[in-house]
Amino acid sequence: MTLQECYAAMGGDYEGVLGRMRSEKMIQKFVLKFLNDGSYDLLLQSMKEENYEEAFRAAHTIKGVCQNLGFDRLYQSSSQLSEALRNGFTPEAPALAEQVGTDYQQTTEVIRTFQEGLAG
């Protein structure tokens, strides 16, 4: 799997991020680093603990990272969740958090597949 195919599979904007970072090697570095970002785990824990201020920060961080890396699908869902949590709990927040989870899992699975291809 190429990096461009990785972006296509995750619903990302490869051309946009290439235009910003100007180097496929640089993009690859940050895409792989995404797997070690703890923001999603923090989001899950914060939602479970009903700490919506911390959940907002985690969703906002995910949104920013995804915007910078061109992970459009995950950016969209984390942006919606971030806005829903901006002023605390809202009734739509749990469903939006579930969508972020779905998009996050898909994104990380695709990145891991890409990573395995580099090793093999």
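Leaving aside neighbours within four places in sequence, leucine 118 is in contact with Gln28 and Leu32. This contact belongs to a predicted model, and leucine 118 itself lies in helix H7.

- Leucine 118 and alanine 59 are 59 residues apart along the chain, and their C-alpha atoms are separated by 29 Å.
- Threonine 107 also lies in H7.
- The relative accessible area of threonine 107 is 1%; buried means under 20%, so threonine 107 is buried.
- Not counting residues up to four places away in sequence, threonine 107 touches Met10, Phe34, Phe71 and Leu74.

**Helix H1 and its buried face**

- In helix H1 (residues 3-10), the buried residues are Leu3, Cys6, Tyr7 and Met10.
- Looking down the axis of H1, these buried residues fall within an arc of 95 degrees, so they line one face of the helix.
- The buried residues of H1 pack against H2, H3, helix H5 (52-69), helix H6 (72-85) and helix H7 (93-119).
- Glycine 11 follows H1, and its phi is positive, near 75 degrees.

**H1 against H7**

- The axes of H1 and H7 are 9 Å apart, and the two helices pack at an angle of about 160 degrees.
- Angles over 145 degrees count as roughly antiparallel, and H1 and H7 are therefore roughly antiparallel to each other.
- Their crossing is right-handed.
- H1 contributes Leu3, Cys6, Ala9 and Met10 to the contact, while H7 contributes Gln106, Thr107, Val110, Ile111 and Phe114.
- By class, the residues in this contact of H1 with H7 are seven nonpolar, two polar and no charged.

**H2 against H3**

- Helix H2 (residues 14-21) packs on helix H3 (residues 24-34) at an angle of about 110 degrees, with the axes 9 Å apart.
- Angles from 65 to 115 degrees count as roughly perpendicular, and H2 and H3 are therefore roughly perpendicular to each other.
- H2 passes H3 in a right-handed crossing.
- On the H2 side the contact is made by Tyr14, Val17, Leu18 and Met21, and on the H3 side by Glu24, Met26, Ile27 and Phe30.
- The contact of H2 with H3 has seven nonpolar residues, no polar ones and one charged residue.

**H3 against H5**

- The axes of H3 and H5 cross at roughly 155 degrees and come within 11 Å.
- This angle makes H3 roughly antiparallel to H5.
- H3 passes H5 in a left-handed crossing.
- Phe30, Val31 and Phe34 of H3 meet Val65, Cys66 and Leu69 of H5 in this contact.
- The contact of H3 with H5 consists of six nonpolar residues, with no polar and no charged ones.

How values were computed. Residues numbered from 1 in each chain as written. Predicted model: local features only at pLDDT ≥ 70, side-chain atom pairs only at ≥ 80, totals over all residues. Heavy atoms only, no water. Axes fitted to C-alpha atoms, helices over the stretch in contact; angles between N-to-C directions. Helix = DSSP H or I, 4+ residues; strand = E, 2+ residues; numbered from the N terminus. Parallel < 35°, antiparallel > 145°, perpendicular 65-115°, else oblique. Left-handed = near helix turned anticlockwise from the far one by under 90°. Contact = heavy atoms within 4.5 Å. Nonpolar A, V, L, I, M, F, W, Y, C, P; charged D, E, K, R; others polar. Buried < 20%, exposed > 50% of the residue type's maximum accessible area, 1.4 Å probe, protein only. Arc of directions from axis to C-beta.
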